[in-house]
Amino acid sequence: MRILRAILPLMLTVIIVYWLNRPIGSNPALGKLLDPVGGFWANAEPAGKDFNNLLNLPLKGDVEVWFDDRMVPHIKASGDYDLYFAQGYIHAYFRLWQMDLQTRAAGGRVSELLGEKAVNFDREQRRKGMVYGAENSLRAMERDPRTKTALDGYRDGINAYVSSLEERDYPLEYKLMGFAPEKWENIRTALLLMYMADDLTGKVQDIGLTYYLSNLLTPEEIDYYFPDKIEGSTPVIPAGTEFGEPTMSIPAVPPGEKWIKVPALKTKAGETGKGSNNWALSGERTASGKPILCNDPHLALNLPSLWFEMQLSAPGVNVYGATLPGAPGVVIGFNDRVSWGFTNNYRDVKDFYAIDKIDKDNYRFSGTARKFRKRVEVIKVKGQPDVLDTVDYTLHGPVIYDDSFEEPNGIKQPLALRWMAHMESNELLSLYLLNRAKSYNEFTQAIQYFLCPAQNFIYADVEGNIALWGQGQYVNKWKEQGKFVMQGYDSTTLWGALIPVSENPHVLNPQQGYLSSANQNVCDGDYCYWFNGDFNELRAWRINEVLDTIHNASVKDMFRLQNDEHSILARKLTPYLLNVLAAKNIDDKYMQLLQRWNYNYAAESEAATVFQVWWSILYNSLWQEKFVSFPKGIMYPLPERTMQLLLNDKSRLGNVEAVIISSYKKAADSLDKLRQQSGLEWYKVKNTSITHLAKLKPFSIEGVQNGGWGNTVNAMKGNHGPSWRMVVEMNDTPVGYGVYPGGQSGNPGSKYYATFIDKWVRGEYYKLSFVSSGGEPAKGAVKYRWQIKPGKK
Amino acid sequence: MRMLITIIITALLAWLTTYVFAWWMVAVMPFLIAVIWQLKPGWSFLNGFISIGLLWVYLIVKTDIANEQILSQRMSQLFGLGHTLFLGVNIVLGALIGGLGGWSGASMWKIYKREQRT
């Protein structure tokens, strides 16, 4: 008994220490985390940290890096391998956890970290062929010696950094989530590019439209409510642009049942409407007489930010811009001679085929039985045995949904996916060559390798050229091919010939002196191939309206346009809506706000809140009213189409005025409540937040005070918006301005973590510290230096 | 004087070994010191508590000032505690582990002595 009492303290200590040393549920091991030597305190970076560094790394030559006061690294190397080695090392130094997590997620490996609850997510990633597509692209990337060198250098750089880490040096999120970095492999870069392709081309309307066609609408009505080309579109490639003689003709629409029937949908269709803007002015329209290029890609707003600013120079390359941690090279930026940017090109490159399954090994195609190719996906699950998922591959592509993994809307037939992102392609080579392009000709050479996700590439150079390409790999489709879910047994539904990329719609130095794209339709009726897509027009209308009248433009005018909050939707609809209310003698404080409104979604605007709340209720009830059996909230006609119908053609909308009045009354009730709760200022209601990737609230920035909305140029939504704003004036030495909602460091314990957000919110820009080839950094620009010498570490 | 030296030596050893091995050296070092120097149970607890407490106060305050509280503010929100309370809890946790380690050491030493006597 006495011995027991004596052992008691030891037992108690051991139990407590043991308990503090283990994660409990999803909570981290507290003892480890709170340890001031190796826990989170090790990530509390001194605000005055001296980042100067001397390093020995296995390089081929010397590498010099200097950082400016925003911690933007400028790398100077003597060859490609060293350049990308240093880029990989620096990406990992600042952003390791994010690169690791995003590429694990892309490849369906989240269950390793979070356990059983992520298995369905991982299965879907695998089943839609994320890893399959990445393997295909990796083959293409490793076949080309240029991208092979870039990938290998980049990988070795990351791994040199990773292997230098003790556990206490791991980024904080590893400690919180209880996992460790692992060696980078080239497939991770391919997965990151696949993740972008999925983000930008992954959500299509095929299933929703098939449901409409099966249950509610005639083909004529589909065209009416969901037109392939909306009336009045100002396309990416300006109307009237001459397209060269096509090398192919559009195939005839095959006879017979081409689509499947889809039963009632159970769930909401996926949210669409990711947007971006880009434009370029020719010298005729600028004050300096030199072109100006602008780009602001809209993506999910996260911390650490998706982007990381850098300058990369080595023989043959000197480029500045936004890089993607996880991939070598600059994605959006400029060099001594040219600048370029992207918006997403929403031509549909992802189609579904219903599979006529005979048994577990065979399916029917064109009257004969074909064997599935089986691909076994092994999903590791934290604290559980591995999950094995056998995915059937058909000649169309992987069967994403079948009875082992049901289609969320309740379609019972197995569905296979035909997706351009699965094709072997080397987008990295495109970026590699773009970074080095010196002329329009080299630009077009470079972008021909960019196949998926298709992008509208804007271009400007110091010679004074501006250009725009709707670039990607497309299929020569018969009319409406792939718009609905196709019968997979029918050989006439197969994708046909690929359209040569040189025939993609494009324009160089148009008469109008400017070019722009904002995810709208790509080109007008003169273009010879058929396509459909998920296009939006409102932002494009506004940009073109402003650019059409712009002269003597300065970069400040461009800043203003990127931050423009004017809504064409509101401007066109509000007078009509107010008239309807006035006719009924309704007049109250909310109407008065709208009467005085300038249709800008400004941060402090109360009228913007009134309009948006009203419009949202009106829009939803209008379509609910019209199609009683539509599942609530699912894929309604576009706001711009709805606007056109309200203003010009109410014939099929039912009793519109009654809906307008009842929705106004509902809106007024909601607005009364909002006014009491928080106030009616638009930014409070919208609550734009930049969310930490692991959704940790204290590491996120919430409720930023900004205006804008999805239908305005400054497309600031709740968790989505301009992820990198760039304006480049193409002087003899290009002068760039930019800002992104984040900071160079991914460490929430660093003062460089969220540094740029305030400026981004206010619509301000940093002058980018680009140094031309052979030039020296401006006096006082260099804050820190790294000298890296070759040698064993 | 001897008390002060014991405290300093415990703290220094705990600091060094934490770097080399793991955070729970803050229990092991007070334990070993209590065994080797045959500290009394009460005093051994205090020695662990004070030495580790002081060590953690020093490390945490130094880091926090240099970091301008950027991270500790965010972490305290993550824990749902006020900033000062969070730091207090963090430090007391270390001190308690140190104290428990010391007390265990003294008890083990007492058993050993009793075993020898019988």
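**Exercise 1. Chain B as a whole**

Among contacts in chain B between residues at least 6 apart in sequence, what percentage join residues at least 24 apart? Then describe the make-up of chain B.

*Solution.* The structure is a predicted model, in which local features need pLDDT of at least 70, side-chain atom pairs count only at pLDDT 80 or more, and totals for chains, interfaces and linings use all residues. Residues are numbered from 1 along each chain as its sequence is written, while chains are lettered from A and ligands numbered from 1 in the order in which they are written.

Step 1. Two residues are in contact if their C-beta atoms, placed from the backbone, lie within 7 Å. On that basis the percentage is 74%.

Step 2. Helices (H or I, at least four residues) and strands (E, at least two) are DSSP runs, numbered from the N terminus. Chain B has five helices and zero strands, which gives the pattern α-α-α-α-α along the sequence.

Step 3. A residue is buried if 20 or more other C-beta atoms lie within 10 Å of its own, exposed if 12 or fewer, and partly exposed in between. Of the 118 residues of chain B, 48% are buried.

Step 4. Along the principal axes, the C-alpha atoms of chain B fill a box of roughly 55 × 25 × 25 Å.

**Exercise 2. Two helices of chain B**

*Solution.* Step 1. Axes are lines fitted to C-alpha atoms, for helices over the stretch in contact, and angles run from 0 to 180 degrees between N-to-C directions. The axes of helix 1 (residues 2-20) and helix 2 (residues 25-36) of chain B come within 9 Å and cross at roughly 140°.

Step 1. Ala, Val, Leu, Ile, Met, Phe, Trp, Tyr, Cys and Pro count as nonpolar, Asp, Glu, Lys and Arg as charged, and the others, Gly among them, as polar. The contact of helix 1 with helix 2 of chain B has eight nonpolar, four polar and no charged residues.

**Exercise 3. Where the chains meet**

How many residues does each chain bring to the contact?

*Solution.* Step 1. Chain A brings 30 residues and chain B brings 31 residues.

Step 1. Helix 5 (83-117) is one of the helices of chain B that each supply at least two residues. Helix 5 of chain B gives the most to the side that touches chain A, with 11 residues.

Step 2. By class, that side of chain B has 18 nonpolar, nine polar and four charged residues.

**Exercise 4. A loop residue in chain A**

Is D62(A) buried or partly exposed?

*Solution.* Step 1. D62(A) is in the loop between strand 1 (53-57) and strand 2 (63-67) of chain A.

Step 1. D62(A) counts as partly exposed because there are 13 C-beta neighbours inside 10 Å.

Step 2. Leaving aside neighbours within four places in sequence, D62(A) is in contact with S78(A), I788(A) and K789(A).

Step 3. D62(A) and G791(A) are 729 residues apart in sequence and 9.8 Å apart in space, C-alpha to C-alpha.
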